[in-house]
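Hi,

Here is the structure I promised to pass on. My notes on what turned up follow below it.

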Amino acid sequence: MPIAQSYDFVTRGVEKLITKINNDAYGAMNEATLQHHLAMNIHLDSLQQHRCNLSMILEKKVLRENDVYPKTRKNSANVDVLFTDRDNGVRCAIELKCFHRVNHREPNNRYDAYADIANLEAYLGDHADVGVFVLFTDHPHYFDNNFRAHSHKTNDFCLRQNHQYKAGRILSYQTETPYGPDIVLRLNYKFSWQNLEGRWKVLVLKVSEEE
């Protein structure tokens with residue numbers, strides 16, 4: 001139950017954020033802006049729930065003693081948002097992405113998304129009890145199954161609606177010069193996009209050993 005409560009803080013914060021994004025509240029927003037506002041939403045929600053004992057830090061540096069993190073291939077990483085509910089000790093790590101259609105970073109962005117999920121799995125235990133991956137985008141390339149098909153060389157890194165990843169499957173970037181090494185995740189995932197009626201959509205994935 002404590003993990004579910006922390007996850008609920010995030011989902012409610014995301015709901016407020018996507019509404020404001022679609023109302024153009026943040027103008028030319030970037031990931032740092034959204035990290036800040038998501039953290040603020042979570043903090044304010046905790047106060048409304050009379051849970052004043054929430055500690056939070058943005059860009060928290062963490063270390064891994066005997067291994068490297070999948071994203072950086074180093075033993076250090078920066079967690080976008082990390083908060084702890086001191087009442088129950090639950091630590092929640094958030095990795096947030098914002099993919100603008102105008103930036104044209106497909107398909108590399110999809111690889112980066114999976115690398116963030118892999119990092120969240122790596123945080124579990126040492127630095128977090130639950131992880132949440134949050135992705136905002138206005139580009140159908142990421143969420144729309146009827147949009148142009150992915151290349152077979154990068155199709156492993158699919159994020160589209162109802163796509164399912166089965167734990168242990170090797171994901172390979174099969175271009176002539178791969179963008180990054182293979183990625184293997186430990187947990188199962190189903191990609192369910194929200195706010196489908198708005199210009200900006202959002203994907204929220206829970207990363208947890210607990211069902």
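**Helix 1 against helix 2**

Helix 1 (residues 2-22) packs with helix 2 (residues 31-48) at an angle of about 125°, and their axes are 8 Å apart. Please keep in mind that this is a predicted model.

**Helix 1 on its own**

Helix 1 has 21 residues. From first C-alpha to last it reaches 31 Å, close to the 30 Å expected at 1.5 Å a residue. Its buried residues are Ile3, Ser6, Tyr7, Phe9, Val10, Thr11, Gly13, Val14, Leu17, Ile18 and Ile21. What do they pack against? Helix 2 is one partner. The others are strand 2 (76-85), strand 3 (90-99), strand 4 (130-137) and strand 10 (201-207). Just after helix 1 comes aspartate 24, with a positive phi of about 60°.

**Isoleucine 94**

Now to strand 3, where isoleucine 94 lies. Is isoleucine 94 buried or exposed? Its relative accessible area is 0%, so isoleucine 94 is buried. Leaving aside neighbours within four places in sequence, isoleucine 94 is in contact with Val10, Leu38, Ile42, Val79, Asp80, Val81, Phe83, Leu120, Val132 and Val134. Aspartate 80 is 14 residues away from isoleucine 94 along the chain, yet their C-alpha atoms are separated by 5.9 Å.

**Helix 3**

Helix 3 (residues 108-123) has 16 residues. It reaches 23 Å from its first C-alpha to its last, close to the 22 Å expected at 1.5 Å a residue. How many of its residues are buried? The count is 15 of 16, so helix 3 is mostly covered. Glycine 125 follows helix 3, and its phi is positive, near 95°.

Best wishes

Note on methods:
Residues are numbered from 1 along each chain as its sequence is written. This is a predicted model: local features need pLDDT of at least 70, side-chain atom pairs count only at pLDDT 80 or more; totals for chains, interfaces and linings use all residues. Side-chain values use heavy atoms; hydrogens and water are left out. Axes are lines fitted to C-alpha atoms, for helices over the stretch in contact, and angles run from 0 to 180 degrees between N-to-C directions. Helices (H or I, at least four residues) and strands (E, at least two) are DSSP runs, numbered from the N terminus. The expected span of a helix is 1.5 Å times one less than its number of residues. Buried means under 20% relative accessible area, exposed over 50%, partly exposed in between (1.4 Å probe, protein chains only). Contact means heavy atoms within 4.5 Å.
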